[in-house]
Amino acid sequence: MESETPSYQGFKDYYQFTHPTRVVVGRGMIEGTGFEFQKEGAKRPFIITDAVVRGTGLVDKVEAGIVDGGLEISGHFDEVPQDSSTDTCEACAAAAKDAGADSIVAVGGGSVMDTAKAANAVLTHGGRVLDYEGLFTLPRADDGMGEPLPLKPLACIPTTAGTGSEVSFGAVIKDPEQKLKILLGDFPLFPRLAILDPESTRTLPPQVAAATGMDAMTHAIEAFTSPEWSPHGEAFCLQALRMIRENLEQAVHGDPEENEVARGNMLIAASLAIVPGAAGASTLGAVHSMSHAVGGLHGVPHGVANSINLPHVIRFNCEGGAAIVDRYRRVAELMGADASGDGAALADSLANWMTAMSSGLGLPTRLTEVGVPEASLDQLVDAAMGDGCSLTNARELLPEDFRALFTAAL
Ligand SMILES: [Fe+2]
């Protein structure tokens, strides 16, 4: 069985595009969090963060900015773990409810922001996180036939430049019983406000900056090469890739006191890169299916997994025909890799460029280096096959394809 080669030209029969989150960008903008968030109707926000971010002093600055804007902080939850679970989200929702919160401010990376989204669903509508698993499952007016009911206002202040969760309607949460990552996605989950301020990534460790940056790059490449590409999405992908090329290395390796411009630009790039996949149909691909599998089963950080898996999926996808190869050629041109070869040569050149980029950023390049045992191959294949992201991959994948990809990546 071979999927049809996608066409990246002509007028599409169908696509949709949504970007409802208000994005506020600038130096020192976290000090204006209260001023901006009261415009969304917030009066008593609840702060969600993790212990590491709390320890950097950043949350104190955000809280001072909230109070300066005339808002009252209702309470806070500082215990979001690296891989947040449904239990954490429910505990967080209960704490926000006890505090009398009317809105939420999330200060952190993808895990914190996704926790805030899922907690907001439980805080607003009651029940458990699993009640809202899947796409478009939040309560609607008129017995489910009307418009989606709004959640409490959510403001996100990302402290990594990667996930893009601050402008997406998705939340990925671990279900500890199934040992799987589950997805929630619905329009009310779009944050009302995203504040991008380079101050919020000043203390980010280089390895985290590298891994999350590679996640952003993967979002842009998977969306750009997906059969579900769109002209609206393409505009976001191309600008994201340009900004990643120009800023990622400096944001990782530079002195945090001197690389503010690179860090600010990476925050913008990451929030651009997710937009094509943020609404309606996801436009991610097989890299994300593989990374969700190794993240769910072995706890490998998402960006690290993406950077390991990406080169192998590039080689696989480029076997799918000239149209796909040409699409990756545009990626190679943008990133400054050798874009002159055909087919396998182009794929090798771009894949090797990606591996060199990851190594240069100090990231591992094999799954066995990050604790994934070869013995888990069958489980990995099953988990990746069960993940919806590969439905929008440039090529269709069978179990033997994932087996070959994981074997290469191990
Ligand atoms: Fe991702």
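**How the fold and its helix faces are judged**

In this predicted model, residues 24 or more positions apart account for 80% of the contacts in the protein with a separation of 6 or more.

Student: How many of the residues count as buried?

Tutor: The share is 54% of the 410 residues. To be counted, a residue needs 20 or more other C-beta atoms within 10 Å of its own.

Student: How do you know that the buried residues of H15 are on the same side of the helix?

Tutor: Helix H15 covers residues 399-409, and its buried residues are Asp401, Phe402, Leu405, Phe406 and Ala409. They cover an arc of only 130° around the axis, which puts them on the same side of H15. An α-helix has 3.6 residues a turn, so residues three or four places apart point the same way.

Student: What covers that buried side, and which exposed residues are on the face turned away from it?

Tutor: The cover includes helix H10 (286-298), helix H11 (302-317) and helix H14 (377-385). The face turned away carries the exposed residues Pro399 and Glu400.

Student: Why do the buried residues of H3 line one face?

Tutor: Helix H3, residues 58-68, has Leu58, Val59, Val62, Glu63, Gly65 and Ile66 buried. Seen down the axis of H3, these fall within an arc of 160°, so they line one face of the helix.

Student: What follows H3?

Tutor: Glycine 70 does, with a positive phi near 90°.

Student: Why is the crossing of H7 and H9 called left-handed?

Tutor: Helix H7 (residues 206-225) and helix H9 (residues 260-273) pack at about 35°, with their axes 8 Å apart. Left-handed means that the near helix is turned anticlockwise from the far one by less than a right angle. H7 passes H9 in that left-handed sense.

Student: Which residues meet there, and how many are nonpolar, polar or charged?

Tutor: From H7 come Gly213, Ala216, His219 and Ala220; from H9, Met266, Ala269, Ala270 and Ala273. They divide into 6 nonpolar, 2 polar and no charged. Gly counts as polar here.

How values were computed:
Residues numbered from 1 in each chain as written. Predicted model: local features only at pLDDT ≥ 70, side-chain atom pairs only at ≥ 80, totals over all residues. Buried ≥ 20, exposed ≤ 12 C-beta atoms within 10 Å, placed from the backbone. Helix = DSSP H or I, 4+ residues; strand = E, 2+ residues; numbered from the N terminus. Arc of directions from axis to C-beta. Contact = placed C-beta atoms within 7 Å. Axes fitted to C-alpha atoms, helices over the stretch in contact; angles between N-to-C directions.
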